[in-house]
Amino acid sequence: MDHLPLGSRLFTTGSDRSAGKAESSPGRLDSFHHYLDRGGLHGSREHPRALEARSRYFKTSPLVVSTLREEQLARGAALLLGTDDVIRTVLRVNILIPGQELAVHTDVAQFDGLAPRVPEWLRVVMHWSGLFEEHRVRVINAIALGKACVGGDLLAWLDGPAEEPTIMPALPGRAVLFDSDSTFHGVTRVGPDFRSCTAAKVRTGHSLERVSRDEWELKDADQSILQTVAHDELRITIMWKARAPLPLVREPISLQQILERIRADLQTSHSLTPNQQAILADFARVCADAYVPLPVWKPRPFSS
C-alpha cells in the first residue's frame, strides 16, 4: 500500500497515564484493566505503562485510497445493516510498529441524541447494558490489510465472547466486515521481536513519519528521532466505517438520564457484592465489570 506518500505523519492514540494508573478520566476503562490484568495478549509480565504503550497505535486520514473498493464495502455494510443505503463515517489508516498489539475490546458505540462529552467507557457500557437501544446507531466496520507483515493476526470473537476467536492472519488483499461495536476483537503482537523495547516506550505525542519508500522514523513529541522502522515491518490497515441514515427526529438523552438509568438497573437487576455496593462511587469500574462481557482467551506464548 503506497498511497501514504513521503512526509505522511501518523500520531499516537490514547492518553498517557502515570505508573500504569488511570487518570481522572478513565478513557477505555472497560477494556484497559482487563488488558493489564492479563499481561496483554501474550501474558507478558511487563510494567503496565509498557503494556499500554504497546497498544497505542498510530493513525491518520489517508489522502488517497485507490486500492479500497468502497462500493463493494458499502453493499456489504448495507446488507448487514438491512438497509438500502449507508453513509461512510470513518476512513483512516492505522499502523502498528514491531512490538505493538491491540487490546481485546469492542469499538465505542454510537448513539443518536447523545449529550456531549459522554466518556467512551460509558458509551460501551450503554451498548452492552441493552438499556439504550432506542438511541443506538448501528455501524459496520471494514478492516482491510494494506500489506503482509510478521505477526499482527486479527482476533475476532465472531460467535460471541464465550466462544473461541476466529484468527485471521495479516495478509493483504482481503477485508473483514463486521459490527465492531458488538464483536470483541484484538491484534496479536507485530513482528518477530515480541519484546521490542521501542514499542514499550511509545507515548502520547509521538509520531511516525515516512521518510523514504522503505523507511519511517519514530519521533517523540519534540520531533527527536527515536528509531528508524522499515516499511516492511509495519502492520498497515485501512479502517472504513458506515452507518444507516438516521431518523429525522430523536429525543435527546442527557448524561444525568444515562447515569440514573444505569444506577437503577445495577441496583435492581445485578447482584452486587457488599464491596461493589460500597465502591459504587467508582462507577466506571463497577459498570464495566457488570455489563461488558470481555472474552477469556488463553494468552499466546512468545515465540522462542
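At 40% relative accessibility, F11 counts as partly exposed, a class that lies between buried (under 20% relative accessible area) and exposed (over 50%), computed with a 1.4 Å probe on protein chains only. F11 sits in strand 1, residues 9–12; helices (H or I, at least four residues) and strands (E, at least two) are DSSP runs, numbered from the N terminus. This is a predicted model, in which local features need pLDDT of at least 70 and side-chain atom pairs count only at pLDDT 80 or more, while totals for chains, interfaces and linings use all residues. Residues are numbered from 1 along each chain as its sequence is written, and side-chain values use heavy atoms, with hydrogens and water left out.

Contact here means heavy atoms within 4.5 Å. Not counting residues up to four places away in sequence, F11 touches Y57, F58 and K59, and also G205, H206 and S207.

The protein as a whole comprises 7 helices and 15 strands. Of its 304 residues, 51% count as buried. Among the contacts with a separation of 6 or more, 79% are between residues 24 or more positions apart.

The nonpolar interior comes next. In soluble globular proteins, nonpolar side chains tend to be buried together. A nonpolar core is a set of buried Ala, Val, Leu, Ile, Met, Phe, Trp, Tyr and Cys residues joined through side-chain atoms within 4.5 Å. The largest such core has 30 residues, and W121, M126, I258, I262 and C287 have the most contacts inside it. Helix 4, helix 5 and helix 7 each supply at least two residues of this core, and helix 7 gives the most, with 6 residues. Leaving aside neighbours within four places in sequence, I262 is in contact with L122, V125, M126, L131, F132, F283, C287 and Y291. Another core, of 27 residues, lies apart from the largest one and includes A144, A199, W216 and V229.

Helix 7 also takes part in a helix pair. Two packed helices are described by the angle between their axes and the distance between the axes. Axes are lines fitted to C-alpha atoms, for helices over the stretch in contact, and angles run from 0 to 180 degrees between N-to-C directions. The axes of helix 1 (residues 29–37) and helix 7 (residues 283–291) come within 9 Å and cross at roughly 80°. The two helices are therefore roughly perpendicular to each other, given that angles under 35 degrees count as roughly parallel, over 145 as roughly antiparallel, 65 to 115 as roughly perpendicular and the rest as oblique. Helix 1 contributes L29, D30, H33 and D37 to the contact, and helix 7 contributes A284, R285 and A288. By class, this contact has 3 nonpolar, 1 polar and 3 charged residues; Ala, Val, Leu, Ile, Met, Phe, Trp, Tyr, Cys and Pro count as nonpolar, Asp, Glu, Lys and Arg as charged, and the others, Gly among them, as polar.

Charged side chains also pair elsewhere. A salt bridge is a side-chain nitrogen of Lys or Arg within 4 Å of a carboxyl oxygen of Asp or Glu, and a search of the whole structure finds 11 of them. One joins E70 and R88, with an N to O distance of 2.7 Å. Because E70 lies in helix 3 (residues 70–81) and R88 in strand 3 (residues 87–96), the pair ties together parts that are 18 residues apart in sequence. Both ends are partly exposed, E70 with a relative accessible area of 26% and R88 at 43%.

In the salt bridge of R189 with E101, the closest N and O atoms are 3.1 Å apart. R189 is in the loop between strand 11 (185–187) and strand 12 (207–210), and E101 is in the loop between strand 3 and strand 4 (102–105), 88 residues apart. R189 counts as buried at 1% relative accessibility, as does E101 at 0%.

R261 forms a salt bridge with E134, again with the closest N and O atoms 3.1 Å apart. R261 lies in helix 5 (residues 255–269) and E134 in the loop between helix 4 (120–129) and strand 6 (136–137), so the pair ties together parts 127 residues apart in sequence. R261 is partly exposed at 32%, and E134 is partly exposed at 40%.
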